[in-house]
Amino acid sequence: MLIPLKNVEILLQSFHQAFPGKDFRLRIIGEGFLRPKLERLSVDLGLGACVRFEGRITREQVQEVLRDADVFVMVSKPEAFGLVYLEAMAKGCLTIGTRGQGIDGVIVSRENGFLCEASDIESLRATLQEIVVLPRERLLAIAEAARQTAADLSDGKVAHAYLTTLGIHELN
């Protein structure tokens, strides 16, 4: 949803500042009342050729987009726990989330993804610029750690871990 808590304007401003040469493609998925304002901001920032507003797409199409993406960014506030983070991690995307908004219990910054401050253009800009200068081997290791994290959080594995924590080893 393109609504205030998703902080898409922070995303646009951060990309504008991080990549003054406009060497990126940004796909924004979702629909909402902020879309016309965000499209205008994109043009005003000179990002028109780099940003594509996808609108509402199917879950299957989201999976295709994630499969093709290098980086996934969602800096929502407030956000309890967006499953889309895990979907992105499972596809090997370098995933950027927001500290203090639920995903920071899963993402360990610079190990299996990245965390930045909510509603902070500078924090996201710095994170984006950090990613583009990391060695390829390091990026691949982070992406693989993200895949493993997502795999470890499958329904069955989480349920098993929970039952083990409770001391239940067998269910009748």
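Guide: On the α1 side, Ile10, Leu11, Gln13, Ser14, Phe15, Gln17 and Ala18 meet Ile121, Leu124, Arg125, Leu128 and Gln129 of α5, where a contact means heavy atoms within 4.5 Å. By class that's 7 nonpolar, 4 polar and 1 charged residues; Ala, Val, Leu, Ile, Met, Phe, Trp, Tyr, Cys and Pro go down as nonpolar, Asp, Glu, Lys and Arg as charged, and the others, Gly among them, as polar.

Before going further, some bookkeeping. You're looking at a predicted model, with local features needing pLDDT of at least 70 and side-chain atom pairs counted only at pLDDT 80 or more, while totals for chains, interfaces and linings use all residues. Residues are numbered from 1 along each chain as its sequence is written, and side-chain values use heavy atoms, with hydrogens and water left out. Helices (H or I, at least four residues) and strands (E, at least two) are DSSP runs, numbered from the N terminus.

Now the geometry of that pair. α1 and α5 pack at an angle of about 50°, and their axes are 8 Å apart; axes here are lines fitted to C-alpha atoms, for helices over the stretch in contact, with angles running from 0 to 180 degrees between N-to-C directions. At that angle α1 is oblique to α5: under 35 degrees counts as roughly parallel, over 145 as roughly antiparallel, 65 to 115 as roughly perpendicular, and the rest as oblique.

Staying in α5 (residues 121-133), have a look at Thr127. Thr127 is buried, at 6% relative accessible area; the cut-offs are under 20% for buried and over 50% for exposed, with partly exposed in between (1.4 Å probe, protein chains only). A polar atom of the Thr127 side chain sits 2.9 Å from the backbone oxygen of Ser123. Leaving aside neighbours within four places in sequence, Thr127 is in contact with Ile96, Phe114, Leu115 and Cys116.

Back to α1 (residues 8-18), which also has a contact with α2 (residues 35-44): those axes come within 10 Å and cross at roughly 10°. The two helices are therefore roughly parallel to each other. Val8, Glu9, Leu12 and Gln13 of α1 make that contact with Leu38, Leu41 and Ser42 of α2, a set that divides into 4 nonpolar, 2 polar and 1 charged. Gln13 turns up here as well as in the contact with α5. Not counting residues up to four places away in sequence, Ser42 touches Leu12, Leu47, Gly48, Val51 and Phe53.

Between α1 and β1 (26-29) there's a loop holding Lys22. Lys22 has a positive phi near 60°, in a residue other than glycine, and at 24% relative accessibility it counts as partly exposed. Arg110, in the loop between β4 and β5 (114-116), also has a positive phi in a residue other than glycine, near 75°. Arg110 is partly exposed too, at 38%.

The axes of α4 (residues 83-90) and α6 (residues 136-152) come within 7 Å and cross at roughly 125°, which makes α4 oblique to α6. This crossing is left-handed. Leu86, Met89 and Ala90 in α4 meet Ala146, Arg147, Thr149 and Ala150 in α6, and these residues divide into 5 nonpolar, 1 polar and 1 charged.

Within α4, Tyr85, Leu86, Glu87, Ala88 and Met89 are buried, and the buried residues of α4 pack against α3, β3 (71-73), β4 (94-98) and α6. In the loop between β3 and α4 you'll find Pro78, and the peptide bond from Lys77 to Pro78 is cis, with omega near -5°. After α4 comes Gly92, with a positive phi near 85°.

Last stop: Val62, in α3 (residues 59-68). Val62 counts as buried at 16% relative accessibility. Val62 and Val84 are 22 residues apart in sequence and 9.3 Å apart in space, C-alpha to C-alpha. Beyond neighbours within four places in sequence, Val62 is in contact with Ile29 and Ile57.

Methods
Polar contact = N/O pair within 3.5 Å; in protein donor to acceptor, adjacent residues only side chain to side chain. Left-handed = near helix turned anticlockwise from the far one by under 90°.
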